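Reader: Hey, I've just opened this one and I'm new to it. Can you walk me through it?

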Amino acid sequence: TLFPYTTLFRSELEGAAREPIAIVGMACRLPGGICSPDEFWSLLQEKRDSITQIPRWRVDLDPVFAPFPAQPGKTYSRWAALLDRPDVFDAEFFGIAPREAVAMDPQQRLLLEVSWQALEDAGINPKSLAGASAGVFLGISASEYGQRAQHSLPHEELSAYTLQGSALNAAAGRLAYFYGFSGPAVAIDTACSSSLVAIDRACRSLREGESTLALAAGVNLIASAEGFIIASQWGMLSPRGVCAAFEESADGFVRGEGCGVVVLKRLRDAEAAGDRVQAVILSSAVNQDGASSGLTVPNGLAQQALVWEAQRRAGVEASQVGYVEAHGTGTRLGDPIEAEALGTVFAGREGKLRIGSVKANIGHLESAAGVAGLMKVVLSLEHGEIPGQAHWERGSE
């Protein structure tokens, strides 16, 4: 007598695990003065990039610069994709005292501003969410500003605000505190995939009923020379300041900074509320490279397994996939491995598979890279157009 009920319960669980998730709002702050998805789309459509030489007022690289190839303690790159005036912040609007605002990592300030804009884009009054079972899922990997401040300030100038202003977990907690959310508030660091893993975890929270609304985000800010020096020692950066993803001339990536936030709901909830559904996430999957030829070397077999699993969960065949927004950093090692993995997964389809990478336009946003790629895909769906790939003429071998 228990068997029919057990079967029904299992089918309900399987249905919930595959429940579509709607993107009902999004906002961004991206390199080159981009403050809205519309401005982002213009950049993509025109195949422009936002990469510039780093001004001294942002990061003074003169003392640590030496031309390529890399020298110990030096960087050979002066290039980055930077935000305009990340130091500007309306503390009063968010109820934050000036002294506390100064101690806040600009990443936290960006998250407050961009999340507010994303909720407005979703047609939701941000002030109406106090007590809501909403969650915050944030991809964030570093606090260069916080580290720089703590190391440079005299001990007597360290305050009670210093820790909460620079701790990565406090960035997610600040959003939940400001809006009054009662759901999870999680900071996730999985390096370059941080914001995509945050989106995956947000979708899971919604499907499991843990959250009724979720803010999924990624943020990254450049505030010191150390990241350039370290990446140069690995030979990861492009000496000429061009992120030529999947291109024959690719010679490395360009560091970038930015913030992106998407507002997520279960599709049935979004439709019941009359929300504008911008795109639908059918599935997501997360795995690890495991053993490869090096800690930082991609594993093509693991990448294949991940794409297959995502398709299985979505119930999508290879022939139904028209475009893949790839990681595509513009490195001679990673891009061919990724392209080969995608070629293997989609080998049986008719016609060519289009792939691209937004890093050619806005650099590698590190912990915010994934959400920027997702927003590019959403904009492509809204406009019915796949923008051409910047800096691409001939594919890499």
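Reader: Where is Lys127 found?
Author: Lys127 is in the loop between α4 (106-121) and β4. Keep in mind that this is a predicted model.

Reader: Okay. Is Lys127 buried or exposed?
Author: Lys127 counts as exposed, because its relative accessibility is 68% and the cut-off for exposed is over 50%.

Reader: And how far is Lys127 from Pro98?
Author: From C-alpha to C-alpha, Lys127 and Pro98 are 22 Å apart in space, and 29 residues separate them in sequence.

Reader: Let's zoom out. How many helices and strands are there in the chain?
Author: The chain has 14 helices and ten strands. Its radius of gyration is 21 Å, close to the 21 Å that the globule rule gives for 397 residues, so the chain is as compact as a globular protein of that length.

Reader: What does the C-alpha trace span along its principal axes?
Author: About 75 × 55 × 40 Å.

Reader: And what share of the residues is buried?
Author: Buried residues make up 50% of the 397 in the chain. The accessible surface comes to about 18700 Å², and 55% of that belongs to carbon and sulfur atoms.

Reader: Which residues of β7 point which way?
Author: Gly258, Gly260, Val262, Leu264 and Arg266 point one way, while Cys259, Val261, Val263 and Lys265 point the other way. All of them are buried. In a regular strand the side chains alternate between the two faces of the sheet.

Reader: Which strands pair with β7?
Author: Strand β1 (residues 21-29) pairs with β7 in the antiparallel sense, over eight bridges. Strand β6 (residues 213-220) is also antiparallel to β7, and seven bridges join those two.

Reader: Which residue of β7 is the bridge partner of Ala22?
Author: Ala22 has Lys265 as its bridge partner in β7.

Reader: Is β6 mostly covered or mostly open?
Author: Mostly covered, with eight of its eight residues buried. One side has Leu213, Leu215, Ala217 and Val219, the other has Ala214, Ala216, Gly218 and Asn220, and both faces are covered.

Reader: Is the pairing of β4 and β6 parallel or antiparallel?
Author: Strand β4 (residues 134-139) and β6 pair in the parallel sense, over six bridges. There, Val136 has Leu215 in β6 as its bridge partner.

Reader: Switching to helices. Which residues of α7 are buried?
Author: In helix α7 (residues 168-179), the buried residues are Ala170, Ala171, Ala172, Arg174, Leu175, Ala176 and Tyr179. An α-helix has 3.6 residues a turn, so residues three or four places apart point the same way.

Reader: What follows α7?
Author: Gly180 does, and its phi is positive, near 80°.

Reader: Which residues other than glycine have a positive phi?
Author: Among them are Lys47, with phi near 55°, and Arg85, with a phi of about 45°. Lys47 is in the loop between α2 (37-45) and β2 and counts as partly exposed, at 46% relative accessibility. Arg85 is in the loop between β3 and α3 (98-103).

Reader: Which peptide bond is cis?
Author: The bond from Phe68 to Pro69 is cis, with omega near 5°. Pro69 is in the loop between β2 (51-53) and β3 (79-81).

Reader: Where does Asp60 lie?
Author: Asp60 lies in the loop between β2 and β3. Asp60 is partly exposed, with a relative accessible area of 38%.

Reader: Last one: how far apart are Asp60 and Val321?
Author: They are 45 Å apart in space, C-alpha to C-alpha, and 261 residues apart in sequence.

Note on methods: Residues are numbered from 1 along each chain as its sequence is written. This is a predicted model: local features need pLDDT of at least 70, side-chain atom pairs count only at pLDDT 80 or more; totals for chains, interfaces and linings use all residues. Side-chain values use heavy atoms; hydrogens and water are left out. Helices (H or I, at least four residues) and strands (E, at least two) are DSSP runs, numbered from the N terminus. The radius of gyration is taken over C-alpha atoms; the globule rule is 2.2 Å times the number of residues to the power 0.38. Buried means under 20% relative accessible area, exposed over 50%, partly exposed in between (1.4 Å probe, protein chains only). Accessible areas come from the Shrake-Rupley method with a 1.4 Å probe; for residues, only the protein chains shown count as cover. Two strands pair if DSSP finds at least two bridges between them.
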